[in-house]
Amino acid sequence: MLALLQQTSDFQIISRETVQLIMPEVILTVFGCAALVLDVMLPRALKKVVAWVSLSGVGLSLVSLGILYPNLVNNQSARVGFFEMILVDDYAVVFKLMFLIGAAISIILSIKYLDEEGEQHGEYYSLILFSVVGMMFMASAVDLLSLFISLELMAISVYILVGYLKRDRKSNEAAMKYFLLGAFSSGVLLYGMSMVYGLTGSTNLAKIAAAIPNVLKIDVVKTMTERSVMDMRYLLLLSMVFMAAGMFFKIAAVPFHMWAPDAYEGAPTSITAFMSVGVKAASFAMFGRLFLYGLPDLRATIAGNAADSVPSLPGWAVLLGVISAITIVWGNLGALTQNNLKRLLAYSSISHAGYTLLGLIAGNQTGYIGVVLYLFIYTIMNLGIFGCIIALKRRGISGDNINDLNGLIKKAPWLTVMMTIFLLSLGGIPPTAGFIGKFYLFGGLIETGNPWLARLAILAVVMTVVSLYYYLRFVKHMYIEEETETTPLAPSRVLNWTLSVAAVVIVLIGVYPKWFIDISQRAARSQALKTYSYKAEEAEQPLELPGSMGAPSR
Amino acid sequence: MVPLSWYLILSAALFTIGAVGVIVKRNVIAIFLCIELMLNGANLALVALSGFFGDIGGQLFVFIVMTVAAAEAAVGLAIIISIFRTRESLNVDDADTMKL
Amino acid sequence: MEKAVFIIFAIVAVGSALNLIAQRNPLYSALSLIGTLASLSALYVTLHAQFIAAMQIIVYAGAIMVLFVFVIMLLNTPEDHPEIEKQQWLRYLAIPFAAVLIGEALYVFREIRNITLPAQGEAEHAIGTTWSIGTNLFTQYLLPFEATSVLILMAIIGAIVLARREES
């Protein structure tokens, strides 16, 4: 006992380098706590200071990420820390950058929104910061344990934020639905994780990936009378389905999307914006870790054994393919009949989740670039469109009915132009960023040369054309319809500047996408997203982790 | 000795009962209790497998899940209280178009 | 002997779980969940997970369930009224769902029915003890543990934000 204790005290649990790995998260946590304390200290009139403090926290976190990135990641590709709990590679860093940009824009949207609602409180901003901490850990976690806790860290703070307007009945009900279905999906995910743990004997994703070939071994014992097959593949399939189902809830893929329209409509608009991009992107980051890093061998098929005539089972790419096809069709058709802008954008975000899944299905470099690039672009354009809706909000008018847009071009020409840019980008019209993202996603599918995937790509293109109908309906209301509402807008200078920058970035990516494609390519090249051939028979080597930093040499 | 499969079957049974409860129950608190039952089903599997592998990971997973369940309970019950403040009934169907 | 203990507690656990979904009053549901939790705790002891067993009683059956019961009593929930139930089709969804899961359980049984738990070695090195949990929690699993502290802080804020009465 004493010897063991001695051994324990020799560990250097937290080295300086290890702390550096989580520095952006630590800074956000500190600022989140600071926001709480400031909220109590400041008088009611000065509550807005808390928002600016939180925003500077996000800025500092970005700076620390910027310092960390060249030092740790650029040179030697990836670092493992905290006993292989997290892996900071290009993939993680690019996603963290995405979350921080999303959080910064969301905070700016919230300042204006909460002013209009008269609900300016410090807890709101600290909850946003804490949920971003969860998202950032989701992108870098490579252990089922750390993935689960960071997912919950993100999810629970978003449950609270959805119900933040507690005098509003819709907000309450949205929070309840989102909470119940979210908790249910966490349970399903956890059960899937427990089965994977049972099959592989480890919670570490790299070790799971290494153990999968053993699970796939099929022992056929032939005796005189009977032929018994030891076959764990059905369990593997089931655990995969459970984990995927849990994640489908988080990204709002059909048939696990039913919470999305209600939750998006009921939540405060600034939170709708935040959860439609942040939660979705973080869940995709986790999806990538779980399936591309943890279960890469099960992509196309769960290999059978031809010699003993044991058939192969479908892999997760097949599952994702079916789900994404349904999601794209359902999301776009659902959006056609909506008159509430928030509900419409909820359906549109469902269909965008379907598009993004296409990149994971393609399984080649182009597809992975597409996933990261599209999530990046989606973050900016979706926050942009929600920002425009918040800019329309003024006393007595919520700004989220399609008729509130009537004749907007006369009232606010620049806002109308920006909104048009975001809408065209969401629809994927060429000079905007949305086109570039969709180009990579669909191109990845075509590149595989698989006829079924080509059909899927054609379906996606057709549905994109359908989606233009409802996006252009907004445009029609803004430019052609007569003005029905004469209340002047209540412009906010900060919000307008932010939206302008976002609109310019969207056009810029559309015209000159090189920088964004470069960073997406980096993320796609990193360990988590190794390119796996669509053909399953090529046995890939299990992923090897580089020597861990914090781990003791036992 | 009790075979491992017994524990796993019990775990699957509890998870199933919980999941079925989530689908068929109407009362919000009852649904929430069923979710807790699902988590416990998964926990039992984790502890049994942890003992089987001689690996501490499963038990620490359970430890984390318990904390998460506590946090979820605090937040979920607070949401239920706040919804109760705005309305009297607690049946999910009153919340317009709740589709599970 | 151990098999007998398992069977007794398994029956109690499943029976309480079934009672949970059979009861119309959420208070009785909560009480039967406590039954399940307690018998699971006993099963954890048979699995040599002493620390988790204690936590199950103290944290789960104690703190969390008391919170549930407290809220149920506070709200004085009306019993479910069957006439307002909609979406009958969901009930039919439950049957295939349960069938898949039960099929899975039987499949597990068929595949690994003969595997038993390895015998525990010296108590000192056994994995379920408080010492072993503590050591691992503060070394290998430090990061998730620290993340838990943020989670708890957030849950506290959330509970206050949501349940606080509006000062008008």
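# Reading a predicted three-chain model

Analyst: Let's start with one residue: Thr484(A) touches Asn403(A) and Asn406(A), leaving aside residues up to four places away in sequence. Touching, or being in contact, means that two residues' C-beta atoms, placed from the backbone, lie within 7 Å. This is a predicted model, where local features need pLDDT of at least 70, side-chain atom pairs count only at pLDDT 80 or more, and totals for chains, interfaces and linings use all residues. Residues are numbered from 1 along each chain as its sequence is written, while chains are lettered from A and ligands numbered from 1 in the order in which they are written.

User: Is Thr484(A) buried or exposed?

Analyst: We count neighbours: a residue is buried if 20 or more other C-beta atoms lie within 10 Å of its own, exposed if 12 or fewer, and partly exposed in between. Thr484(A) has 11 such atoms within 10 Å, so it's exposed. You'll find Thr484(A) in the loop between α19 (451-479) and α20 (493-511) of chain A. Helices here are DSSP runs of H or I with at least four residues, strands are E runs of at least two, and both are numbered from the N terminus.

User: How many residues of chain C are in contact with chain B?

Analyst: 75 residues of chain C meet 64 of chain B. On the chain C side, α4(C) gives the most, with 13 residues. That side divides into 54 nonpolar, 13 polar and eight charged residues. Here Ala, Val, Leu, Ile, Met, Phe, Trp, Tyr, Cys and Pro count as nonpolar, Asp, Glu, Lys and Arg as charged, and the others, Gly among them, as polar.

User: Where does pLDDT stay under 50 in chain C?

Analyst: pLDDT is the predictor's confidence in each residue, from 0 to 100. Where it's low, the predicted coordinates should not be read in detail. In chain C, that stretch is residues 80-86, although the chain's mean is 82. Chain B averages 85, with pLDDT under 50 over residues 95-100.
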